[in-house]
Amino acid sequence: MRGVLAAATALILAALPLPAKAVDCEPLEHAGNRYTVCEVRPAREALRTFLYTEDGTPWGQFTAIDNALRPQGRRLAFAMNAGMYHEDRAPVGHYVERGEEEMRVISSAGPGNFGLLPNGILCSRRNRADVIETRAFLRERPSCRYATQSGPMLVIDGALHPRFLPDSTSRYIRNGVGTSEDGARAVFVISETAVTFHEFASLFRDRLGLPQALFLDGNVSRLYAPEAGRRDIGRTMGPIIGVVARDE
């Protein structure tokens with residue numbers, strides 16, 4: 001097992017800039033709801049996905065990744081669950097890690113939140129990260145080093161998803177990500193109170209000023225931000241997104 005972890009850690013570390021400083025996470029209140037907001041700057045912090053160890057086992061927990069990094073003088077500085085997954089933890093939609101596609105783009109409507117079109121893809125490239133609506137992604141075909149697909153979109157070109165209702169009564173703990181127009185900011189949010197889709201999307205557009213935002217999950221939403229005192233645990237996860245830093 002030690003050899004497997006060492007090999008997996010080497011893959012994690014390959015070609016990554018490694019910031020010394022952790023990702024900034026701050027509490028925020030908006031329209032009567034509480035959130036934790038974590039901002040990643042892709043030009044200085046490498047935003048990447050995690051799914052399987054070298055032996056094909058899902059990482060499953062944030063601590064498994066962090067424990068594999070520690071012997072190499074590295075740590076997991078920030079992480080969040082990164083989209084929906086099947087019972088075997090395989091991603092429901094598009095997934096890319098180190099430039100290798102694990103799962104193709106799913107563009108058709110379907111059941112559940114993922115199939116509530118439009119959905120979208122978080123694409124991490126050199127020095128930038130972008131949330132891109134799925135149909136636009138298929139037209140543009142960006143070359144993503146890391147990517148994960150989820151749904152629904154929360155904000156599309158500055159507009160809320162057309163299916164979100166201001167008077168909805170469906171409330172859950174939810175997490176998502178929004179990006180700036182220039183790709184210089186990726187802002188991850190988890191709600192601390194149960195919120196509707198409309199409330200959650202409005203936060204990204206009206207308070208954070210982000211033109212594109214993507215729902216990652218609800219009910220199973222989790223955050224790993226040690227410097228903010230967060231090391232959420234729970235059931236085994238599928239895709240994870242995070243930032244690796246030097247262990248100082």
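An open sheet of five strands runs in the order β3-β17-β4-β15-β16, and its pairing is antiparallel. Two strands count as paired if DSSP finds at least two bridges between them. Strands (E, at least two residues) and helices (H or I, at least four) are DSSP runs, numbered from the N terminus. β3 (47-50) and β16 (230-231) are at the edges with a single partner strand each, so one side of each has no neighbour in the sheet.

The model is predicted: local features need pLDDT of at least 70 and side-chain atom pairs count only at pLDDT 80 or more, while totals for chains, interfaces and linings use all residues. Residues are numbered from 1 along each chain as its sequence is written, and side-chain values use heavy atoms, with hydrogens and water left out.

**The five-stranded sheet and helix α2**

β3 pairs with β17 (residues 240-246) in the antiparallel sense over four bridges. Phenylalanine 50 is opposite isoleucine 240 in β17. Helix α2 packs on this sheet and touches β3, β4 (74-81), β15 (223-225) and β17. Contact here means heavy atoms within 4.5 Å. The direction of α2 makes about 165 degrees with that of β4; axes are lines fitted to C-alpha atoms, for helices over the stretch in contact, and angles run from 0 to 180 degrees between N-to-C directions.

Which residues of helix α2 (residues 62-69) are buried? They are Phe62, Ile65, Asp66, Ala68 and Leu69. Seen down the axis of α2, these buried residues fall within an arc of 160 degrees, so they line one face of the helix. The arc is that of the directions from the helix axis to the C-beta atoms. Buried means under 20% relative accessible area, exposed means over 50%, and partly exposed lies in between (1.4 Å probe, protein chains only).

**The seven-stranded sheet**

A second open sheet has seven strands in the order β1-β2-β13-β12-β14-β10-β11, again with antiparallel pairing. Its edge strands are β1 and β11, each of which pairs on one side only. Some of the strand pairs are listed here.

| Strand pair | Bridges |
|---|---|
| β10 (residues 153-156) and β14 (residues 212-218) | two bridges |
| β10 and β11 (residues 159-160) | two bridges |
| β12 (residues 174-179) and β13 (residues 186-191) | five bridges |

Methionine 153 stands opposite leucine 214 in β14, and valine 155 has leucine 160 in β11 as its bridge partner. Glycine 176 has valine 189 in β13 as its bridge partner. The hairpin of β10 and β11 has two residues between the strands, and there aspartate 157 takes a positive phi near 50 degrees.

Is histidine 30 buried or exposed? Histidine 30 is buried, with a relative accessible area of 17%. Apart from neighbours within four places in sequence, histidine 30 is in contact with Tyr35, Ser202, Leu203 and Arg207.

**The chain as a whole**

The chain has four helices and 17 strands. Of its 248 residues, 56% count as buried. Among contacts between residues at least 6 apart in sequence, 73% join residues at least 24 apart. The C-alpha trace spans about 55 × 35 × 35 Å along its principal axes.
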